Amino acid sequence: PKPPTPPPTFLLLEIPFFHFCRSSSLFMSPADGSRVLPRHCTRHQGHNLEFISQSPNDMNVKIVKPNFLSRMFTRFCSMRRDIIYTSVIIFIVTIFLWAHESAGRERQGAVQLPSALSFLSEGGGSTEQNKVEDDEDLMKSLEVPVSIDLARDLDRMYGRKVVIKGLDRCAAFREAVPPADRFVSAAGMFNTGTHVIFNYLDKYCEIPGKDHGKIKKQRDALNAKAKIQEIIDSGILFETYWGKHKHVTDRGKVVTLPKYEGFPVENLLPVVMIKDPFTWLSSMCRNPYNWIDGRKYMEDGTRCPNLTLPDGISPVSATIKYSMRETRLQRPDKEFESMLHMYNQWYQEWEEVAFPRLIVRYEDLLLHPEEVVDEVCSCAGGSWKEKFTLSSEKAKKNGDGLEGALARYGNATKRTEGYTDADLKFAEKTIDQTMFNTYHYLLP
């Protein structure tokens, strides 16, 4: 809501001007011609005045020889005190307005990392009607059924607009790669929704130029066996050739599975999933994947997330094992200064690439799945295979499903549940704030 608009300057000046008009002798014209003047106004016009009465400060006089000069002198003299008073008032009001306007410009010009608390405290100046209308707009903007309280929390944390980075490179990808040779694949760190985006694209996105008859036969065979896996001929891949969880610096250097051998990397449009780092790390505590330390924490009951050592300052290092399966060609294990350092590096590498790629927020896939699928599919030159229907099924065995995900990730309190004050201070200092702000992720 916008701050209340200050009253126009002329309204503020009207008050002292009204006082001036009421008190000034210039506007007083009694029937008998008498006039109340300050004592000092009678000093040089005594011969021209008839004294009627007097008080300690003023005299009630009558001009006995009226002429133009005597009238003007008495009027001006009697006005002088009021003019001084009024001028002082106008000067003070002017200084106040100038200071208020300057402070407003400074606030507008300041660029700060937004805080979740600032969003939570907004709305104090809006009317009840505005709140009702805003809630209606909010509920219309979401593609999933949620309560108004949950919707408000989601709105404060992640906003209402879908954030997809890289749409400006879509045209270049379509121009450079013929439809029959195009591939789209999921990528992202562990627990960021790569299964979900693959399932949606595989079900709804159809890339032109493919042998759709052949694809249908392969899909029917898989459905008969109750299996869900990629059909390479469709152009929708489960992961990038070098591994969806692996660093993009492995692109063109590593092929994780034989089925991807010989595919040009230039023909692949990666869809990189990113997630709020606070909820992502909590997910890693529940499902550590290749995070060796996280696996140990689950075994011995160590507190997780735990970003800092007992001193509350030093970071807890993180070791990622990239060779969990013998059938996959992987890079060597790597140790990071902390899990947030790994997060920063992994996504900074994707931010810096020059080739076409999309970066999609997990939260948008959760709240606006149809819009996200439409943007991604259109980027690859694809079209809808069938009408979109919201799925409540789990994308993977250890997933939450739609209802569980909304309850977990839509709650502002649960977002930082388990973090200590030292963890949150470390996170604020460590997280790449430029990237953090780009995706509308807020500090708690």
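Author: This is a predicted model. To start, helix α11 (residues 339-352) packs against helix α15 (residues 421-430) at an angle of about 25 degrees, and their axes are 10 Å apart.

Reader: What does that angle make α11 and α15 to each other?

Author: Angles under 35 degrees count as roughly parallel, so α11 and α15 are roughly parallel to each other. The crossing of α11 past α15 is right-handed.

Reader: Which residues of α11 and α15 meet?

Author: From α11 they are Leu340, His341 and Asn344, and from α15 they are Phe426, Ala427 and Thr430. By class, that contact divides into 3 nonpolar, 3 polar and no charged residues.

Reader: And α9 with α11, at what angle do the axes cross?

Author: Roughly 120 degrees, with the axes of α9 (residues 277-286) and α11 coming within 11 Å. The two helices are therefore oblique to each other. The crossing of α9 and α11 is right-handed.

Reader: Which residues make the contact there?

Author: On the α9 side, Pro277, Trp280, Leu281 and Met284; on the α11 side, Met339, Leu340 and Tyr343. The classes come out as 7 nonpolar, no polar and no charged residues. Leu340 is named in the contact with α9 and also meets α15.

Reader: Switching to strands. Which way do the residues of β11 point?

Author: In β11 (residues 358-361), Leu358 and Val360 point one way, while Ile359 and Arg361 point the other way. All of them are buried, Arg361 included.

Reader: How many bridges join β4 to β11, and do they run parallel or antiparallel?

Author: There are 2 bridges, and β4 (residues 164-165) runs antiparallel to β11. In that pairing, isoleucine 164 has valine 360 as its bridge partner.

Reader: What about β8 and β11, in which sense do they pair?

Author: Parallel, over 4 bridges, with β8 spanning residues 268-274. Here valine 271 has leucine 358 of β11 as its bridge partner.

Reader: Last topic, helix α5. Which residues in it are buried?

Author: In α5 (residues 148-158), the buried residues are Leu150, Ala151, Asp153, Leu154, Asp155, Met157 and Tyr158.

Notes: Residues numbered from 1 in each chain as written. Predicted model: local features only at pLDDT ≥ 70, side-chain atom pairs only at ≥ 80, totals over all residues. Heavy atoms only, no water. Axes fitted to C-alpha atoms, helices over the stretch in contact; angles between N-to-C directions. Parallel < 35°, antiparallel > 145°, perpendicular 65-115°, else oblique. Left-handed = near helix turned anticlockwise from the far one by under 90°. Contact = heavy atoms within 4.5 Å. Nonpolar A, V, L, I, M, F, W, Y, C, P; charged D, E, K, R; others polar. Buried < 20%, exposed > 50% of the residue type's maximum accessible area, 1.4 Å probe, protein only. Pairing = 2+ DSSP bridges.
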